[in-house]
Amino acid sequence: MKDQSELEVLIRERLEEIKSIPARDPVVAQRARARFLGNAVSASELPRHKGWSSIFRKEQFAMNMLISVLMIAGLLFGGGATVNAAQNDLPNEPLYALKVWSEDVSLQLQKSPEAKVDRLMDLVQIRTQEMTHLIDAGEPVPDQVRLRLEQHIQDALQTCQTLDEPTLDRTLLQIRDRLQDRDRDMERLLLHTQAQDTLQLLTQTRTMLRERLHVVEDGLLNHEMFHERVQNGFHYGQDDDLTPPVQNGNGQQQQNGQPTFAPGGPNTNPNGPNTTPGGPNTDPNGSNTTSGGPNTDPNGPNTTPGGANTDPGGPNLNPGGTNTNTGGNNNSGTGAGSTDNGSGGNGSGGNRP
Amino acid sequence: MSNSTSYPVSTTVSEEQKLLHLAAQLNTRALADIYDAYSSGIYRYAMHRLGDGAVAEDCVAETFARFLKALQERRGPREHLQAYLYRIAHNWIVDFYRNHEQTFELSESFRSETDMPEEAAAKHIRQKQVRKAIRSLTPDQQNVVTLKYLEDWCNEEIACALHKPVGAVKSIQHRALKSLQKLLAETS
């Protein structure tokens, strides 16, 4: 028994070497939280979409010709009308999910990146209008509206990455103008809002808008910097003070029982090489839902932070990869390309969820 | 639960089940509450095992992504949420080391936080030795050592997380300490 306790003391001493860990970068943590919640929002919307598509699939195969014709007619007239009617719905109304779905579809149908950016900025305006209508009606504004608004802007800036230089200039100018409009909208809304929760949400939204506006304005002056900032999830030290605090469900700032971190916390690997080659998805059923585009090189680092969202649940609400490495190579690929579909085995033992 | 750390789990069993019930319906508020309650602990656990902030963030992201996917596919946990999440994180770390051991070992870098880079380098090497020794243990032993000595869980909590009796946890712990002693003696 004595041996056991002596051994324990000895091992404890050695384990102390790794016990203290540097504080988590609060900006990265907040971004990870936003990404998870974005995926959660998408996931919560997906079942309804799945419901619609499965109904259509079943009917397509099971119905006889007459019913199929009737269904097509219904889709053409009734269905179209329903989707159209849904466009005016607010988040607390029954057809809102259909509206969101139709927006997602409309984005897929855009033929060029410019058109897509334009459509995304339209959607930013629509989200702002929804906020206005809800506030006018004295209703609370759900967080998902803000999250989607933020996502639209990020998607727009991400899409700009694919544009050539002259087109990028033109498009950034358009984005800037539209963001300035939205900033003014937010200012007006803030003046007419009393409810504390809504004030908080509007302040967060405006802070985010202004941060993105800075990114665009700086991008107009320096394209390279713009690309870097978008790739790095818009994060550079100088913008830390613009990052709004993440609120939890109770309206309290997220601390998770940890001490409050000042923005711009320690970089956990300031000059190190890229140690984030993308964690493999070894769960045959698991999909890669972390940000970062698919890593096409099974052994290589993920250098496409902000690529395709492989979460079947819908839009990736925070596609920007995070750069926690301010001084060296890019550690920004926070997610892994899911190139390993099950070849990696389970750890021996243990009950794997 | 030890008060030296800040794990979560402020919830009682019935509260957790209520939360899980809402999460199973993909209730975003419940999912946010779960994330807020457990993400810091998972990050800390991953940092202890990996020693790299960026990779630990990956681990947290993938843990919650797999949890969300499980909920979407209606195969999420019905109880013991914390244990469930830690098992996902543990499996991710095991897979990560299996696939990246060489590259990760080579690229693992350190930052000198003192004015004495030699001392920092020596410390970094010792840390690597300790992590490597832990990785050489069996999965259960790795979990017991990490949860008990780095995360300061008590045996009952570990038993609950590993679905084993407390006696078995003590036995694993004893064997783990013996193995660690041997492994660390070899490396140093």
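Predicted model: local features only at pLDDT ≥ 70, side-chain atom pairs only at ≥ 80, totals over all residues.
Me: What are the mean pLDDT values of chain A and chain B?

Reply: Chain B averages 82, with 84% of the residues scoring at least 70. Chain A has a mean of 66, and 53% of its residues reach 70 or more. In chain A, pLDDT stays under 50 over residues 236-353, for which the model has 310 contacts beyond four places in sequence. The model scores ipTM 0.80 and pTM 0.45.

Me: How many helices and strands does chain A have?

Reply: Helices (H or I, at least four residues) and strands (E, at least two) are DSSP runs, numbered from the N terminus. Chain A has 9 helices and 0 strands. Of its 353 residues, 48% are buried; buried means under 20% relative accessible area, exposed over 50%, and partly exposed in between, with a 1.4 Å probe and protein chains only. Among its contacts between residues at least 6 apart in sequence, 70% join residues at least 24 apart.

Me: Which residues touch the most other members of the largest nonpolar core?

Reply: In soluble globular proteins, nonpolar side chains tend to be buried together. A nonpolar core is a set of buried Ala, Val, Leu, Ile, Met, Phe, Trp, Tyr and Cys residues joined through side-chain atoms within 4.5 Å. The largest core here has 52 residues, of which Leu31(B), Ile34(B), Leu50(B), Phe64(B), Phe67(B), Leu85(B) and Ile93(B) touch the most other members. At least two residues each come from α2 (26-62) of chain A and from α1 (13-24), α2 (28-50), α3, α4, α6, α7 and α8 (166-187) of chain B. The largest share, 12 residues, is supplied by α2(B).

Leaving aside neighbours within four places in sequence, Leu85(B) is in contact with Ile34(B), Tyr38(B), Ile42(B), Thr63(B), Phe64(B) and Phe67(B). A second, separate core has 35 residues, including Leu120(A), Met186(A), Met208(A) and Val230(A).

Me: How many aromatic pairs are there over all chains?

Reply: A pair of aromatic rings is described by the distance of the centres and the angle of the planes. Rings of Phe, Tyr and Trp (its six-membered ring) pair if their centres lie within 6.5 Å; planes under 30 degrees apart count as stacked, over 60 as edge-to-face and the rest as tilted. The count over all chains is 8.

Phe67(B) and Tyr84(B) are edge-to-face, 6.1 Å centre to centre with 65° between the planes. Phe67(B) lies in helix α3 (residues 53-72) of chain B and Tyr84(B) in helix α4 (residues 81-107), 17 residues apart. Phe67(B) is buried because its relative accessibility is 0%, and Tyr84(B) is buried at 7%.

Tyr86(B) and Trp153(B) are also edge-to-face, at 5.1 Å and 70°. Tyr86(B) is in helix α4 of chain B and Trp153(B) in the loop between α6 (139-150) and α7 (155-162), so this pair ties together parts 67 residues apart in sequence. Ring pairs also link Phe36(A), Tyr35(B) and Phe64(B) into a cluster.

Me: Where does the charged end of Arg135(B) sit?

Reply: A charge sits over a ring if NZ of Lys or CZ of Arg is within 6 Å of the ring centre and within 35 degrees of the ring normal. For Arg135(B) the ring is that of Tyr97(B), with the charged end 3.8 Å from its centre.

Me: What is the phi of Arg74(B), and of His80(B)?

Reply: Most residues other than glycine have a negative phi. Arg74(B) has a positive phi of about 55°, and His80(B) one of about 50°. Arg74(B) is in the loop between α3 and α4 of chain B, where His80(B) is also found. Arg74(B) counts as exposed because its relative accessibility is 72%, whereas His80(B), at 29%, counts as partly exposed.

Terms used:
Residues numbered from 1 in each chain as written. Chains lettered and ligands numbered in written order. Heavy atoms only, no water. Contact = heavy atoms within 4.5 Å. pLDDT = per-residue confidence, 0-100.
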